[in-house]
Amino acid sequence: MRVVIVFNHPYEGSYNNAILSSVTKGLRKASHQVDLIHLDNDGFNPAMSAADLKAFVEHKPIDPQVIDYNKRLEEADHLIFVFPIWWDLMPARTKGFIDRVLCPGVVYDHHPRGFGLVPLLKSLKSVTIITTMNKPRIMYSLLVGNLIRRAMLRSVFKTMGYKNLNWINFSSVKSVSREKRENWLINLENRFSKFN
């Protein structure tokens, strides 16, 4: 199967890069084809211009990079996001990907009867979001309300009609032991080596 990974972290030595490596190794062990969209290395511009917005409304993307990403999403059986949680939300490039790439006419459309949205990525079987943060899990849950779950899983993909939505979050990353972080990576590789 073809798995598209949307990755967003500017620092090559980050724990997110280690996560990307573990997930990729696991997927390749399971003989999946991995298509990496590295938003930082690609220099993806998260800001929507007036021309982009007009294209969005007309369901006809004009940015070559957005068109390329759209084509790759259309071929995906699974979609995985990997990014850090900064100030309780996703980084700008991930938000820009949602705004500019997950566009109508490609990823979803409006129901012909006017009731909600209809998913258009027919091959897409699941969406998994993998995040890291330095805040303790309980603090993020109780004080902030798990914004990533609410924003990306419920407000974006569930609203579009996609199913099999998963969120894997690693909290207190800087304060846990190195051994624990290494175990997380091993577990991720094992998990995605059984991915289907």
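Is Glu75 buried, exposed or partly exposed? Glu75 is partly exposed, with a relative accessible area of 47%; here buried means under 20% relative accessible area, exposed over 50%, and partly exposed in between, for a 1.4 Å probe and protein chains only. The model is predicted, so local features need pLDDT of at least 70 and side-chain atom pairs count only at pLDDT 80 or more, while totals for chains, interfaces and linings use all residues. Residues are numbered from 1 along each chain as its sequence is written, and side-chain values use heavy atoms, with hydrogens and water left out.

Side chains of opposite charge can pair when their charged atoms come close. The structure holds 13 salt bridges, each defined as a side-chain nitrogen of Lys or Arg within 4 Å of a carboxyl oxygen of Asp or Glu. In one of them Glu75 pairs with Arg2, with 3.5 Å between the closest N and O atoms. Glu75 belongs to the loop between α3 (64–74) and β3 (78–84) and Arg2 to strand β1 (residues 2–7), so the pair ties together parts that are 73 residues apart in sequence. Helices (H or I, at least four residues) and strands (E, at least two) are DSSP runs, numbered from the N terminus.

A second salt bridge joins the side chains of Lys29 and Glu189, at 2.7 Å from N to O. Because Lys29 lies in helix α1 (residues 15–29) and Glu189 in helix α7 (residues 178–193), this pair ties together parts that are 160 residues apart in sequence. Lys29 is exposed, with a relative accessible area of 55%, whereas Glu189 is buried at 16%.

An α-helix has 3.6 residues a turn, so residues three or four places apart point the same way. Arg178 counts as exposed at 62% relative accessibility, and Glu182 is partly exposed at 39%. Elsewhere, salt bridges that share partners join Arg2, Asp35, Asp68, Arg72 and Glu75 into one network.

Helix α6 (residues 147–160) has a kink of about 30° centred on Arg154, where the bend at a residue is the angle between axes fitted to the seven residues ending there and the seven starting there. Among the buried residues of α6 are Met152, Leu153 and Val156. Just after this helix, Gly161 takes a positive phi of about 100°.

On a 1 Å grid over the protein atoms alone, a cavity is a set of points where a 1.4 Å probe fits but cannot get out, and a pocket is an open set with protein on both sides within 12 Å along at least five of seven lines; lining residues have an atom within 4 Å of a point. The largest pocket has a volume of about 310 Å³. Of its 15 lining residues, Trp86, Thr132, Met133, Asn134 and Lys174 are the closest to its centre.

The structure holds one cavity of 30 Å³ or more, and the largest cavity has a volume of about 100 Å³. Its lining has 13 residues, of which Asp52, Ala55, Pro61, Val66 and Arg100 are the closest to the centre. Helix α2 (residues 50–57) gives the most to this lining, with three residues.

Key
Grid points are joined across faces, edges and corners, and a volume is the space filled by probe spheres set on the points.
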